Structures are given as structure tokens and as C-alpha cells.
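Thanks for coming, everyone. I have one structure to walk through today. Please bring it up on your screens.

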Amino acid sequence: MGQVLFNGIYTGVQYSLIALGLTLIFSLMNVLNFAHGQLYVLGGFVTYYVYGGMKLPFFVALLASALTLAAVGCLFQIFLFRRVMRRSVREESSMLLSAGTAMMIESLVLIFFGEKHRGVPAVVSGVYELGGVFIPRGRLLVIGLSFLFIVAFILFMRYTKPGRALRAMAQDPETASLMGVNTARYAILGWALAAMLAGMAGAILVPISGVNSGLGNWISIKTFIMIMTGGAGAISGAIAGGLALGMVESLGYHFFPGGETYLIIFIGLIAFLAVRPNGLMGKAV
Amino acid sequence: MYLEARDLHVAYDCVMALRGVSVALDRGEIVTLIGANGAGKTSILRAITALKPLESGSILFDGEPIDRLSTVEIVARGIVMAPEGRHVFPLMTVKDNLMMGAFLRKDRAGIAESLDMVLALFPRLRERIAQTAGTMSGGEQQMLVIGRGLMAKPRLLLLDEPSLGVAPIFVQEIARAIVDINREEKVSIILVEQNSRMALKISHRAYVLVTGKIVLEGNSSAIRRDERVRHAYLGGNVE
Ligand SMILES: Nc1ncnc2c1ncn2[C@@H]1O[C@H](COP(=O)(O)OP(=O)(O)O)[C@@H](O)[C@H]1O
Ligand SMILES: [Mg+2]
């Protein structure tokens, strides 16, 4: 059981990290980003290329993933979402656009990195054993880094001026502009941060799980589950939803090794949303 | 004139909300815009702050045209609006809301000074400094919206119906604060109100709006005393 708990935490914190970016874009822009999983995959491939291919230190690769994805996020907003959302009168346009960008990134990744599942050497090796629970050091590193990024993100949003501006914009964009917040510029910052978070999550997982071009949609769907259970738009909801899904998944794989886990999760999700349509935390940042 | 809006035309889809409105304000004045619901008061303020583009007309502030500027640029010039309907940032604390008001300022000492001034003006906000803004009463939220506007160190403050949906005791407190802001902080103010009784009492000059046109302008005290005006435009509720 200790092992199930550890695996649950390990999966949960990385899921929380992935969900943060999605919820940020949702609360700032009212866009459900179908390409979130593809951004994660792209982050993974950058690290695969820099750390696995060029043999540079892992932390350099992590930085490269973060910066590359931040740039991709900026470009998304400047060249795609800003243009479409300025003209469109229907919410579906932004959804269609994000679904389209998902396909675009997936195809580009396929072209540049191929269809093979790619792995890289472990960053740290060795396993601790604690009362019968096996704790690989590599996984401990993932937990530590995810935790660090989540805390850094929360502190940024709470205690810095740009973080406050982003929260203000999520709560009331017009009033934020009356405070002098350049909402067009902050939308770009929001996209950069969200893509960067997804990319860093992808990067820290390559040494353990590897990465392949087809992973994106499955990650996106899992992330939707997290923010639906947690409450779309709330930072606390993304974290709660991520931890919950990680724990449930770990329990599921323990008791149903045959693969019924996600069937059960989806049925449970439907029942849960029937009772609490706004999720655990409701909509808020 | 400090602010001079000339011949403003504003439309929503095909409906004209303002049909040639001209409004002016001298430095240091409190000017009130009064009129029934839907007369176009908010539209004037939204036109000044560039939240609503003009069909035609021009706006000068401190001698310079501002009708081509963005909202952020207008705020940077010192025109700050406390919007209608108590738009606090509901999930932020009172303190964070106030700090958002000072978003464009870099002078730390000046910001701290403004914060002291706002908390002295509205002691209630000091008591609730760590409370989440969305959980406060209507009157408290209104004080917060005004205080947040002051944190920008405005040269011209636009107040859109600060008494709307606010308990009577708070209305007095807010009215007193508006006078204070004008006298002590030397802030020019445009006060939009349906509560013409309060507005005419504390303002220097007034404009009366009916369906997108100014039908009357003059000294507030004169308008307040004018029997005919009261009956024709203000529903007789002036005093
Ligand atoms: N967002 C909007 N869309 C359509 N019509 C609007 C909108 N805002 C205001 N109007 C119309 O413009 C006119 C003036 O409104 P407004 O400026 O809000 O008046 P007031 O502030 O005096 O109540 C009204 O007829 C109102 O119905
Ligand atoms: Mg109004």
C-alpha cells in the first residue's frame, strides 16, 4: 500500500504541474487548449534532443525546454489566438483553433523526431528502500522538481506584480485594463507561462517515461479530467485535480492491472460531475 | 478647460447612445452627470477612457487630444475610472485590490503614502485589509473601488454611480469622501449619479442627460433649487 501511495504522489505532482498551464489559459482567455498535451510532448523532445542527443547536462536541457516552449506560447498568442479571437464571435472558434494547433504540433514533432518512442539515460540512478516501499531516486527528482515549479508558480502569481496583473485579468479583464494592465501583452505572458509549464513537465519525465509523438492527446484528455474534477480556472483546483487523478490512477493500476482503470475513472468522473458540476474548487484563480 | 469632450457620438450596434454630447470640466471641479437609467452617462465615461470607441467627436485633456489613445495610455495620463457596478477583483484581498490601483506607479514611497491616505479616508478598508474583496458588503466594495482609483494618484477621477446599491449610511460616508478627495487631494472629479440629490449637493456644476443628449447644464446649486427642472428631469426627488 505504501508503494501505491508513493506512486500516487509521484504521478499526482507531475499531473498537477501539467494541469496548471491548462487552467491558466482557461481562466485568462476562456480557451480550452486542446494542444496542451502536444506542448508537453514538444518539451519532452527538446530535452531528448539536448540531453540525449547533444549530451549536454540535464538542467541545460530542462532550461532549453522551458525557453523553447515559452517562445512557442508567445507565438501561439501573437500569430494565432489573438488574431482569431479578435474577429470571432463564437467560443467554438478558439476551441477549433486549439485543436488545429494540436494537430500541427503533433505533425511537426512526427516530421522532426519520428514516430519512435524515445528515451534518454537516467539523470540519477539508484533506489531507496523504506519499509518495503521502493523509491527510485529518479522519481524522487521528478517529485522534487514538480513541487518546486508548482510552488514557484504559486508564489509568482501571488506575490509579484505581473502575477497579480494576471490574476486581475482573469477575474475582470476590462477593470484590469482600467488599472493600466496592458491585457494584450499579459495574454502573451500567460501563454508563455502555460506552455513553459507544460514543456517543463514533459522535460522532467523523459528520463523516466520517455516520450513519443502520439502521447499528446492522451495527456490533454487526462488534463481535462484533472481540471474538471478540480474546478476549471482555479489554481488550487488544478493541483487538487492532478493529485486526485494521480492517486486514483495508482490505486487503479494496483487493483486492476488489466487496464480497466480509465474505464472506471471515466464512469466515476461522470458520477462526480453529476453531483458537483463545478468540481472541487469551482471557477476561480 | 482641463477636460473637454466635444460633440460625442457613441453607438451600440445601430442604436445611438450619445447623440452629440459636449461636456467640460475645469481643474479642481466636481462635475456631475445626472439622468435616468439608460440616458448615456456610463457611455460618456467609457468614451473618455477609450473602453468604447467614438463614432465621432473629440476629447481633449490638459490641452492634448486623447481620443486616439488606448485605455492604458489614458490611465497613464491620470484619468482613472471607478466603474459602475463595483468591479472589485473579487478573489483578491483588499490590499491586493488597492495595489492593483497603483499598477502603473513606480514610486514606492508615494504608493505607501497613497495607501495611508486611502486607509485614513476609509477606515473600514483598514479593518478588512486582508479580507477577500468579493466577500464584503456592497458599500465596502464601493469604498474599495474608489480607494483603488485613488491609489493611481489620479488627476481626474471618474466615478460611475458610487451610491448605487449602497446602504444609506454608506452613501453619506462615500459622499463625504468624494468631497475630501476633491478638496484635500486636489483631484478633479466627474461624478455620474442617479441619486441627483446627493450629486447636486456635493458638485460644483451639473449636466442633465436625457436619451443621449444634454438637456440642461449649470451650477449645481441653481439646478438644485429650480422647481421646474426638478419636476421635468429629476422626478421631483431632489430634496
Ligand atoms: N453593451 C451595450 N450594448 C447595447 N446597448 C447598450 C450597451 N450599453 C449601453 N447600451 C445602451 O446605450 C444607452 C445608454 O446606456 P448607458 O450609457 O449605460 O446609460 P446610463 O449609464 O445613463 O444608464 C442605453 O439605451 C443602453 O441600453
Ligand atoms: Mg450607467
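**Salt bridges, a ligand and a metal**

Start with a salt bridge: B:Arg155 pairs with B:Asp62, and the closest N and O atoms are 3.0 Å apart. This pair links distant parts of the chain, 93 residues apart. B:Arg155 sits in the loop between α6 (138–150) and β7 of chain B. B:Asp62 sits in the loop between β4 (56–61) and β5 (64–65) of chain B. How accessible are the two partners? B:Arg155 has 33% relative accessibility, so it counts as partly exposed. B:Asp62, at 34%, also counts as partly exposed.

Before I go on, one caution: this is a predicted model.

Now the wider count. A:Arg167 lies in helix α6 (residues 161–171) of chain A, and B:Asp96 lies in helix α3 (residues 94–101) of chain B, so the pair joins two chains. Buried or exposed? A:Arg167 is buried, with a relative accessible area of 4%. B:Asp96 is buried as well, with a relative accessible area of 13%. There is a third member here. A:Arg164, A:Arg167 and B:Asp96 are linked in a network of salt bridges.

Next, a bridge inside chain B. B:Lys41 forms a salt bridge with B:Glu161, and the closest N and O atoms are 3.9 Å apart. B:Lys41 lies in helix α1 of chain B, while B:Glu161 lies in the loop between β7 (156–160) and α7 (168–184), so the pair ties together parts that are 120 residues apart in sequence. Both B:Lys41 and B:Glu161 are buried.

Stay on that helix. α1(B) is mostly covered, with seven of its eight residues buried. Among the buried ones are B:Lys41, B:Ser43, B:Ile44 and B:Leu45. After α1(B) comes B:Ala50, whose phi is positive, near 65°.

On to ligand 1. Which residues surround ligand 1? Reading along chain B, they are B:Tyr12, B:Ala17, B:Ala36, B:Asn37, B:Gly38, B:Ala39, B:Gly40, B:Lys41, B:Thr42 and B:Ser43. By type, that shell divides into four nonpolar residues, five polar and one charged. Helix α1 (residues 41–48) of chain B gives the largest share of the shell, three residues.

Look at the backbone here. Oxygen atoms of ligand 1 approach polar backbone atoms at these distances: B:Gly38 at 2.7 Å, B:Lys41 at 2.8 Å and B:Gly40 at 2.9 Å. How much of ligand 1 does the protein bury? Taken alone, ligand 1 exposes 550 Å², and the protein buries 60% of that. Note B:Lys41 again. B:Lys41 has a backbone contact with ligand 1 and a salt bridge with B:Glu161.

Last stop, the metal. What coordinates the magnesium ion, ligand 2? The donors are B:Thr42 through OG1 and B:Glu84 through two OE entries, at 2.0 to 2.8 Å. B:Thr42 lies in helix α1 of chain B and B:Glu84 in the loop between β6 (79–82) and α3, so the pair ties together parts that are 42 residues apart in sequence. B:Thr42 is partly exposed, at 22% relative accessibility. B:Glu84 is partly exposed too, with a relative accessible area of 29%. B:Thr42 also belongs to the residues around ligand 1.

Notes:
Residues are numbered from 1 along each chain as its sequence is written. Chains are lettered from A and ligands numbered from 1 in the order in which they are written. This is a predicted model: local features need pLDDT of at least 70, side-chain atom pairs count only at pLDDT 80 or more; totals for chains, interfaces and linings use all residues. Side-chain values use heavy atoms; hydrogens and water are left out. A residue is near a molecule or strand if one of its heavy atoms lies within 4 Å of it. A polar contact is a pair of N or O atoms within 3.5 Å; within protein, one must be able to donate a hydrogen and the other to accept it, and residues adjacent in sequence count only if both atoms are side-chain atoms. Accessible areas come from the Shrake-Rupley method with a 1.4 Å probe; for residues, only the protein chains shown count as cover. Helices (H or I, at least four residues) and strands (E, at least two) are DSSP runs, numbered from the N terminus. Ala, Val, Leu, Ile, Met, Phe, Trp, Tyr, Cys and Pro count as nonpolar, Asp, Glu, Lys and Arg as charged, and the others, Gly among them, as polar. Buried means under 20% relative accessible area, exposed over 50%, partly exposed in between (1.4 Å probe, protein chains only). A salt bridge is a side-chain nitrogen of Lys or Arg within 4 Å of a carboxyl oxygen of Asp or Glu. Donors are N, O and S atoms within 2.8 Å of the metal (3.2 Å for Na, K and Ca); water is not among the atoms, so sites may look incomplete.
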